[in-house]
Amino acid sequence: MAHAQPDGYTLLLGGTLPHVNEALVKRKPLYDPVKDLDPIAGIAANSLCIAVHPAVPAQNLKELIAYAQANPGKLSYGHAGVGSIQHLTGELFKLLAGTPDIAPVAYRGTGPQITDLVGGHIQVGVPGVTGQVIELHRSGKMRVLAVTSATRLIAAPELPTAAELGFPGMTVTGSIGLLAPARTPIAITEQIAGVTRTAVADPTYKQMLIDAGIEPTFDSNPEKFRQSLESDVALWAPVVKALGLKID
């Protein structure tokens, strides 16, 4: 898509993950996410969470940290794959919490991670927040200690944010939106941005996003989406550097 004709007919549904991976994690990027892509508009933002198996005696992040420090080498956390935002968020938590002994376990996607967390094969998970995760929390099959959104989620206002619990550096979301090949005429990207805002404001579509645990983005435009993605890359650059992480 990055090398398609910039005529508005070939678009990418992407956001934080491909930007961070190509800009920071890959040794041989397939494209430059800043130079080769023109942001159009954000559609939604997906937060992550720190969740534990019910057998873990922690009701909040500070209790989890205390438990991890008292039991070095005994905890592991799952994520959706090396270089994923879940992986980076888990490592960011470890850096901020001073718990380097929590071992990462890479899965091929979020589904297997959640299955093993519910089954007790791992003690901690860093899944993206979805309707399924919220339901598993409410049913007691896992315990969500904190979400990484800037404010509490519309779909689950009972869940505290990491910032509320003393970890403002854990404010992390994954942006999802539309991008075009670089040099797409601004008149085209502005037009697509306008109809995207109209679509997100549709009550049925908006509620579908909320029910899925995803926060709609109502007022995005090319410049706001660009700034959001640039902020994501700036946020993760020191984490990737600290990890020495490369995936190819």
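This is a predicted model: local features need pLDDT of at least 70, side-chain atom pairs count only at pLDDT 80 or more; totals for chains, interfaces and linings use all residues.
Hi everyone, let me start with a definition: two strands pair if DSSP finds at least two bridges between them.

Strand β3, residues 49-52, and strand β6, residues 124-125, are joined by two bridges and run antiparallel. If you want to find one of those spots, look at Ala 51, whose bridge partner in β6 is Gly 125.

On to the helices. Helix α3, residues 85-97, packs against helix α8, residues 222-243, at an angle of about 80°, and their axes are 10 Å apart. That angle makes α3 roughly perpendicular to α8. From α3, the contact uses Ile 85, Leu 88, Thr 89, Glu 91 and Leu 92, while α8 brings Trp 236, Val 239, Val 240 and Leu 243. Sorted by class, seven of these residues are nonpolar, one is polar and one is charged.

Finally, the whole protein. It has eight helices and nine strands. Its radius of gyration is 19 Å, close to the 18 Å that the globule rule gives for 248 residues, so the protein is as compact as a globular protein of that length. The C-alpha trace spans about 60 × 40 × 30 Å along its principal axes, and 48% of the residues count as buried.

Methods: Residues are numbered from 1 along each chain as its sequence is written. Side-chain values use heavy atoms; hydrogens and water are left out. Helices (H or I, at least four residues) and strands (E, at least two) are DSSP runs, numbered from the N terminus. Axes are lines fitted to C-alpha atoms, for helices over the stretch in contact, and angles run from 0 to 180 degrees between N-to-C directions. Angles under 35 degrees count as roughly parallel, over 145 as roughly antiparallel, 65 to 115 as roughly perpendicular and the rest as oblique. Contact means heavy atoms within 4.5 Å. Ala, Val, Leu, Ile, Met, Phe, Trp, Tyr, Cys and Pro count as nonpolar, Asp, Glu, Lys and Arg as charged, and the others, Gly among them, as polar. The radius of gyration is taken over C-alpha atoms; the globule rule is 2.2 Å times the number of residues to the power 0.38. Buried means under 20% relative accessible area, exposed over 50%, partly exposed in between (1.4 Å probe, protein chains only).
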